[in-house]
Amino acid sequence: MQDPEIDHAAVFRALPGMVALLTPELVYIDANEDFERLSGRTREELIGRYIFDVFPENPGDPAAAGMRETRESMLRAATTGERDTMALLRYDIEDPLRPGRWVEHFWSPVNAPVLGTDGKTTLIIHRVEEVTEFVRAFGGRVDDRGARVLEAELYTRARELQEVNERLRKAHAHEREVALTLQAAMLPPPRPVGHHRAAVRYQPALDALNVCGDWYDLVDLPDGGMAVAVGDVVGHGLAAACAMGQLRSALSAACRVADGPGPALEALGLYARFVEGAESATAVTTFIDWDDHTITYSCAGHPPPALLDPDGTVTFLDQATDPPLGARPEHVGRPQTSVPFAEGATLVLYTDGLIERRTEDIDRGLARLADSLVHHRHADPEPLADALLADLLPAEGNTDDTALVVLRL
């Protein structure tokens, strides 16, 4: 049976309750029938006009704050990309049939952003519940003094809710600031590596705080070589980032004193047993010998690095694989192996968010990565990193965190 075509414009017009669409500049571009009827404004009086030109604030009420609070709520929704629910609001409206006469109204507004493909707000949905009759109904059952007590109670509870929401917003903003600072400290850009060019990328999941358990590192070794590593702690958020920071620092130190990537990951696995949140973390590290043109690598439960030769051949370094960190109850050494590389080859390390999809086998993700590398094999590391993310991450946004290192050898 073929799905019937839906006239979404007709659905919008018929929606119960007051609903309007505005631009991020707070200009009306559409309104449903209930909005026109209950607000007392025609479609011609709304569309194309700034919201507070249509509904100015009551000049006879010096304590009125409805316009400021509504504007702030809408701009918050547009800026943060998140729904903003307002507390109970009193907003008087001028009677369209009797200019200069202002009618008391009580509203319960919600402002929700509509995001474009670039993640930016393109529209604001402004939904309003009219609760004036509810307030008046109570006022009709009690005397004037009781009605005023009720009104005061409603305002008090509404202001308390608004203050709680404001504290939550500030706490969320502070946590996000901490997260971004933590990310910058733990995942700095790579230092120059002689004439070898490198690019790094970090892409958090859509629902993350911009920090996660994915990490990368480039370490100068005492013998003149370089260690390149990526790893993945299960989960995302501040807890996963803290575990990630400990593992990243420990592996950086281990690489500088170990005889190779296998012993370095062996030491990291022992350390991971005592780090909260590091259970089943994965990592891969490569030691690059510039003089011998060899890569020695070891993998602890992690997707294999990819080596792109100048002729377009892609090889996955999967001959030294082992379980994730801390997975074995007993102490067992980690394997390592070496492969040669040609001048001008490209080494790519990444976390599973780049290739894995819940509905398919990992081999399909590896095949997509190989195809993308071949297609963009002549690109320098920076544009190549961007091309890999564009080709491999879902267009609707990634549901898993992703770290990526691209190094021209």
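Two notes on the source. The model is predicted, so local features need pLDDT of at least 70 and side-chain atom pairs count only at pLDDT 80 or more, while totals for chains, interfaces and linings use all residues. Residues are numbered from 1 along each chain as its sequence is written, and side-chain values use heavy atoms, with hydrogens and water left out.

A word on naming. Helices (H or I, at least four residues) and strands (E, at least two) are DSSP runs, numbered from the N terminus.

Let's start with strand β1, residues 18-22. How many of its residues are buried? The count is 5 of 5. Buried means under 20% relative accessible area; exposed is over 50%, and partly exposed lies in between, with a 1.4 Å probe and protein chains only. Both faces of β1 are covered. M18, A20 and L22 sit on one side, V19 and L21 on the other.

Now the partners of β1. Two strands pair if DSSP finds at least two bridges between them. Strand β8, residues 121-130, runs antiparallel to β1, and 5 bridges join them. M18 has V128 as its bridge partner in β8. L22 stands opposite I124. Strand β2, residues 28-31, also pairs with β1 in the antiparallel sense, over 3 bridges. Here L21 partners D30. β1 and β2 make a hairpin with 5 residues between the strands, and L26 takes a positive phi near 70°.

β8 has another partner. Strand β7, residues 106-115, pairs with β8 over 9 bridges, again antiparallel. P113 of that pairing stands opposite I124. β7 and β8 form a hairpin too, with 5 residues between them. In that turn, G119 has a positive phi of about 85°.

Next, an open sheet. It has 5 strands in the order β9-β19-β18-β14-β15, with antiparallel pairing. Which strands stand at the edges? They are β9 (198-203) and β15 (314-316). Each has a single partner strand, so one side of each is left without a neighbour in the sheet. Neighbouring strands are turned by 15° against each other on average, direction ignored. Axes are lines fitted to C-alpha atoms, for helices over the stretch in contact, and angles run from 0 to 180 degrees between N-to-C directions.

Helix α10, residues 362-375, lies across β14 (306-308), β15 and β18, at about 145° to β15. Helix α11, residues 381-392, lies across β9, β18 and β19, at about 30° to β9.

Is R408 buried or exposed? Its relative accessible area is 11%, so R408 is buried. Its side chain makes a polar contact with the side chain of T346, at 2.8 Å. A polar contact is a pair of N or O atoms within 3.5 Å; within protein, one must be able to donate a hydrogen and the other to accept it, and residues adjacent in sequence count only if both atoms are side-chain atoms. The R408 side chain also reaches the backbone oxygen of A379, at 2.7 Å. Contact means heavy atoms within 4.5 Å. Beyond neighbours within four places in sequence, R408 is in contact with several residues, including H196, R197, D380 and P381.

On to a helix pair. The axes of helix α8 (residues 238-257) and helix α9 (residues 261-272) come within 9 Å and cross at roughly 145°. Residues in α8 that meet α9 include Q246, L247 and A250. On the α9 side, A264, L265 and Y271 are among them.

Last, the rings. The structure holds 5 aromatic pairs. Rings of Phe, Tyr and Trp (its six-membered ring) pair if their centres lie within 6.5 Å; planes under 30 degrees apart count as stacked, over 60 as edge-to-face and the rest as tilted. Why is the pair of W290 and F341 edge-to-face? The ring centres are 6.4 Å apart and the planes stand at 85°, so the pair is edge-to-face. This pair links distant parts of the chain, 51 residues apart. W290 is in the loop between β12 (282-289) and β13 (294-300), and F341 is in the loop between β17 (337-340) and β18 (346-350). W290 and F341 are both buried. Elsewhere, ring pairs link Y28, F35 and F55 into a cluster.
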